[in-house]
Amino acid sequence: RFTRLVSLLEDGLGCEVRSGKGSEVTIYREGGSIFTLGHHKRNDRVAWRQIRRLLKRVGIGLREWLDAAGP
């Protein structure tokens with residue numbers, strides 16, 4: 001879900017999440033690029049393909065993601 005993803009990115013992985021244009025959210029992490037994520041519904045599910053693109057763009061490795069996400 002969107003809110004879980006955002007809190008994990010901010011608290012567990014040190015990303016900066018800000019409101020973007022309209023209903024978009026921009027995600028940035030030091031050393032990576034900015035990723036824009038559409039947020040058109042309140043707490044919608046985020047597709048795994050989009051999460052994979054986000055992680056690659058902001059510079060988060062798979063191992064780091066799995067460690068932060070936990071069981």
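Is Arg18 buried or exposed, and what is its relative accessible area? Arg18 is exposed, with a relative accessible area of 52%, where exposed means over 50%, buried under 20% and partly exposed in between, with a 1.4 Å probe and protein chains only. The legends below describe a predicted model, in which local features need pLDDT of at least 70 and side-chain atom pairs count only at pLDDT 80 or more, whereas totals for chains, interfaces and linings use all residues. Residues are numbered from 1 along each chain as its sequence is written, and side-chain values use heavy atoms, with hydrogens and water left out.

**View A. Arg18 and its salt bridge with Glu16.** Arg18 lies in strand 1, residues 16-19; strands (E, at least two residues) and helices (H or I, at least four) are DSSP runs numbered from the N terminus. The closest N and O atoms of Glu16 and Arg18 are 2.7 Å apart, and a salt bridge is here a side-chain nitrogen of Lys or Arg within 4 Å of a carboxyl oxygen of Asp or Glu. Glu16 counts as partly exposed because its relative accessible area is 37%.

**View B. The salt bridge between Arg29 and Glu64.** By the rule given above, the count comes to 3 salt bridges, and in this one the closest N and O atoms are 3.0 Å apart. The pair links distant parts of the chain, since Arg29 sits in the loop between strand 2 and strand 3 while Glu64 belongs to helix 3, 35 residues apart. Arg29 is classed as buried because its relative accessible area is 16%, whereas Glu64, at 31%, counts as partly exposed.

**View C. Helix 3, with Arg63, Asp67 and Ala68.** Arg63 and Asp67 both lie in this helix, 4 residues apart, or about one turn of the helix, and they form a salt bridge whose closest N and O atoms are 3.5 Å apart. Both Arg63 and Asp67 are exposed. Ala68 is likewise placed in helix 3, residues 62-69, and is partly exposed, with a relative accessible area of 25%. The C-alpha atoms of Ala68 and Leu8 are separated by 7.3 Å, although the two residues stand 60 residues apart along the chain.

**View D. The largest nonpolar core.** Such a core is a set of buried Ala, Val, Leu, Ile, Met, Phe, Trp, Tyr and Cys residues joined through side-chain atoms within 4.5 Å. Of its 19 residues, Leu5, Leu9, Ile27, Leu37, Leu54, Ile60 and Trp65 touch the most other members. Two or more residues come from each of helix 1 (2-13), strand 2 (24-28), strand 3 (35-38) and helix 2, and helix 1 gives the most, with 6 residues.

**View E. Lys56 in helix 2.** Helix 2 spans residues 48-58 and holds Lys56, which counts as exposed at 74% relative accessibility.
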